Amino acid sequence: PEECIARAAEILQKSVGGNFLVRQAKKIRNAFSQNLQSSLPSVHAQVAEGILLGIKSKFPSTIEQNFKKAGIQHILVVSGFNVTVLLVFVAFFLNRLGRRVVFVGSVFFLLFFVLMVGLEPSILRAAIFGILSSLAVLWGKTTDSRNFLFCSAVCLALYSPTMIQYDIGFLLSFSATMGIILGVPICEKLPLNEKIKMPIAVIVSAQIAVLPILGLYFQEFPFIGFVSNFFVEPLVPVAMGFSFLAGMVGFVSEIGALLFALPAKIVIDGIFLIAKI
């Protein structure tokens, strides 16, 4: 069935000219990746490529083991969290132009982003979830996030039934998101400072939700991840932001790209240090 679906999608792309968009997306992805490699040290560029473009690289064994033992290996690849951060950036820049522009810009960005990084299950889920959320904002509707999450799962099941059964990326993404949706309202009742309550609620809820899957597939329960993610998660959007700016400015000026690459390098070094500790 998956081969039939893939073949049908290929025929559909050829009939509507989809291959042109895919080729352009890949060209931009490769050029953007080259900009990152030119402005950042090798291993830092690999991290930036992972969190922005979904490019999976072979990291030095020491760094890979540190990230695995610290329970933060998930930040090295594009996930629903990264998509959410990028959508926030898009909404921030387009917010003054009104809801319709934000919606159109978000949908266009999501579709193009999916073409750039490939049809990864976690990205597809996050993209469908993001489009539904943007549509709700456009219509001024208040809806239950659980409906969006299950709707995205149904859409993926129609595309590939085995995806929601066996794909680890989808299972981790779905579980973490559901954990946040269900767990944050409970954790918000804890008697903690308001400034740290939300980050703790999100991290703890997501970590608890994915623990069974990590134990089943990797035979590991990285409990230290509750601590390390509290320090690492706030740094990821900062690293993404400066890396994104370095990659974009690199199309115009190599020197300008280096100015944004420097803070990106410092933040990524901070992530390396936390993983090592």
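This is a short chat about a predicted model and some of the contacts within it.

Visitor: How many salt bridges does the structure hold?
Guide: In this predicted model there is one salt bridge, and it joins the side chains of Asp 269 and Lys 265, with 2.9 Å from N to O.

Visitor: And where do Asp 269 and Lys 265 lie?
Guide: Both lie in helix H14, which covers residues 254-276, and they are four residues apart, about one turn of the helix.

Visitor: New topic: at what angle do the axes of H3 and H13 cross?
Guide: The axes of helix H3 (residues 42-53) and helix H13 (residues 235-249) cross at roughly 100°, and they come within 10 Å. Because angles of 65 to 115 degrees count as roughly perpendicular, H3 is described as roughly perpendicular to H13.

Visitor: Which residues make the contact there?
Guide: From H3 the contact uses Ala 48, Ile 51 and Leu 52, while H13 brings Ala 239, Met 240, Ser 243 and Phe 244. Sorted by kind, the residues of this contact are six nonpolar, one polar and no charged.

Visitor: What about Gln 46, is it buried or exposed?
Guide: Gln 46, which lies in helix H3, counts as buried because its relative accessibility is 17%, and the cut-off for buried is under 20%.

Visitor: So what does Gln 46 touch?
Guide: Leaving aside residues up to four places away in sequence, Gln 46 touches Ser 57, Lys 58, Phe 59 and Pro 60.

Conventions. Residues numbered from 1 in each chain as written. Predicted model: local features only at pLDDT ≥ 70, side-chain atom pairs only at ≥ 80, totals over all residues. Heavy atoms only, no water. Salt bridge = Lys/Arg side-chain N within 4 Å of Asp/Glu carboxyl O. Helix = DSSP H or I, 4+ residues; strand = E, 2+ residues; numbered from the N terminus. Axes fitted to C-alpha atoms, helices over the stretch in contact; angles between N-to-C directions. Parallel < 35°, antiparallel > 145°, perpendicular 65-115°, else oblique. Contact = heavy atoms within 4.5 Å. Nonpolar A, V, L, I, M, F, W, Y, C, P; charged D, E, K, R; others polar. Buried < 20%, exposed > 50% of the residue type's maximum accessible area, 1.4 Å probe, protein only.
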